[in-house]
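Work through the following exercises with the sequence and the model side by side, and try each task before you read its solution.

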Amino acid sequence: MPLITVPIEAGGGYEVTIGRGLLKSCGSIVGHAIERCRIAVITDTVVEELYLEPVRASLTAAGFAVTVFSFPAGERSKNMGTLAAILEFLAAERLTRTDCLVALGGGVVGDLTGFAAGCYLRGLRCLQLPTTLLAAVDSSVGGKTAVNLQGGKNLAGLFLQPSAVICDTASLDTLPPDLFADGIAEALKTAVLSGEPLFSLLENGATRESLSDIIAGSIAFKGRVIEADEFEAGPRRILNLGHTVGHALEQCSGYRISHGRAVAAGLAVIARAAVKLGWGRPGSAARIERALQKNNLPVSTSFTAGELAEAALSDKKRTGNEITLVIPQEIGNCVLRKIAVAELPKIIAAGLEAE
Ligand SMILES: NC(=O)c1ccc[n+]([C@@H]2O[C@H](COP(=O)([O-])OP(=O)(O)OC[C@H]3O[C@@H](n4cnc5c(N)ncnc54)[C@H](O)[C@@H]3O)[C@@H](O)[C@H]2O)c1
Ligand SMILES: [Zn+2]
């Protein structure tokens, strides 16, 4: 299988390497990205069982001294307690600023590891080895890190670009179908932003064979966006397509609906609203819906426009009387649009009707 590399010009500049079987040879790629040092691999209990040994063996064979911290798998671990435990572990292991952290796992491991790397000793390097599709197509690149607070999701965090990202597509073979679909939802969001060729790879249902191209296409697009706006001063907000309603849906469901499925429904809602309100090209919402359905993702919700708008407007990161929505004008052409908060229920209501 050929390797695909995607260069990203953010932070110190780094490469995303995508290919089958890369975890068992990750040591040589890491050896090209950074000089020999101590590496703390941070992972969760599920991924530890599945993939730690090949990673540890390969890093050790390449001359790195490896130590491992593992925490219970799941979103509930993405909190200050786990972050503190990781930092105490790094201190007990006496890692120095020239050492490095490796995130081996999904978005939860990636977010916690990036955060720990950004604040331990005021910052050391970190590498991302994503093992979920969501992490591969989205969270491993871009440098956003976070933990959840009792006051809300992702409320504490920092920006830290990784020094390399290594994505072994074989590791995605063990993902259960619902986690696979969650990742596809984020890739489809990116495809609606970027247009062809990514959209065609997804619109009839993603196949395992096309995964490397889907990951590379998603990351290449996200890379261009973050290169232009690393710290989300403005244009990077385009990546929030489908997320205003998506986050509201997650919240309304008490987080029983996964992030990916919520984003899928959010994408369908905003695409239909755009067409209804004359901002989007007729037919584009129907095409987005069809693509979501072909990938076993939802296109509707039973929550009302009022419930969703209320949840969206309770977002603790929101300021003032306006919010910025990402509007799909057509596939491959989305824009940021400021609207008055009072308009939001009406916009969501339009999106809840059929196109
Ligand atoms: N930083 C960002 O830019 C960004 C972007 C999107 C999402 N996120 C965050 O990512 C998180 C969601 O990511 P996620 O869905 O990867 O969650 P996750 O890391 O919790 O992984 C989901 C589950 O899959 C398991 N798993 C991981 N790899 C596996 C594999 N190869 N085979 C079988 N099981 C495997 C994990 O142990 C876990 O139980 C959220 O916390 C979200 O806020 C961050
Ligand atoms: Zn998302």
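Helices (H or I, at least four residues) and strands (E, at least two) are DSSP runs, numbered from the N terminus. This is a predicted model, in which local features need pLDDT of at least 70 and side-chain atom pairs count only at pLDDT 80 or more, while totals for chains, interfaces and linings use all residues. Residues are numbered from 1 along each chain as its sequence is written, chains are lettered from A and ligands numbered from 1 in the order in which they are written, and side-chain values use heavy atoms, with hydrogens and water left out.

**Exercise 1. Backbone angles**

Task: Find the strand in which Asn-154 lies, and describe its phi.

Solution: Begin with the strand, which is S8 (residues 152–156). For comparison, most residues other than glycine have a negative phi, and most peptide bonds are trans. Then turn to the peptide bond from Glu-196 to Pro-197, which is cis, with omega near 0 degrees. Pro-197 itself sits in the loop that links helix H6 (177–194) and helix H7 (198–203).

**Exercise 2. A hairpin**

Task: Determine how strand S10 and strand S11 run, and how many bridges join them.

Solution: Two strands pair if DSSP finds at least two bridges between them. Strand S10 (residues 322–330) and strand S11 (residues 333–340) run antiparallel and are joined by eight bridges. As one example, Val-326 has Leu-336 in S11 as its bridge partner. Finally, the hairpin has two residues between the strands, and Gly-332 takes a positive phi near 95 degrees there.

**Exercise 3. Around the ligand**

Task: Describe which residues come nearest to ligand 1, and which polar contacts can be listed.

Solution: A residue is near a molecule if one of its heavy atoms lies within 4 Å of it. There are 24 residues around ligand 1, of which Glu-75, Gly-107, Thr-131, Thr-132 and Thr-174 come nearest. The largest share of this shell, four residues, comes from H2.

Now take the polar contacts (here, pairs of N or O atoms within 3.5 Å). A polar side-chain atom of Thr-132 lies 2.6 Å from an oxygen atom of ligand 1, and a polar backbone atom of Val-108 is 3.0 Å from an oxygen atom of the ligand. A backbone N or O atom of Ser-171 lies 2.9 Å from a nitrogen atom of ligand 1.

Methods: A polar contact is a pair of N or O atoms within 3.5 Å; within protein, one must be able to donate a hydrogen and the other to accept it, and residues adjacent in sequence count only if both atoms are side-chain atoms.
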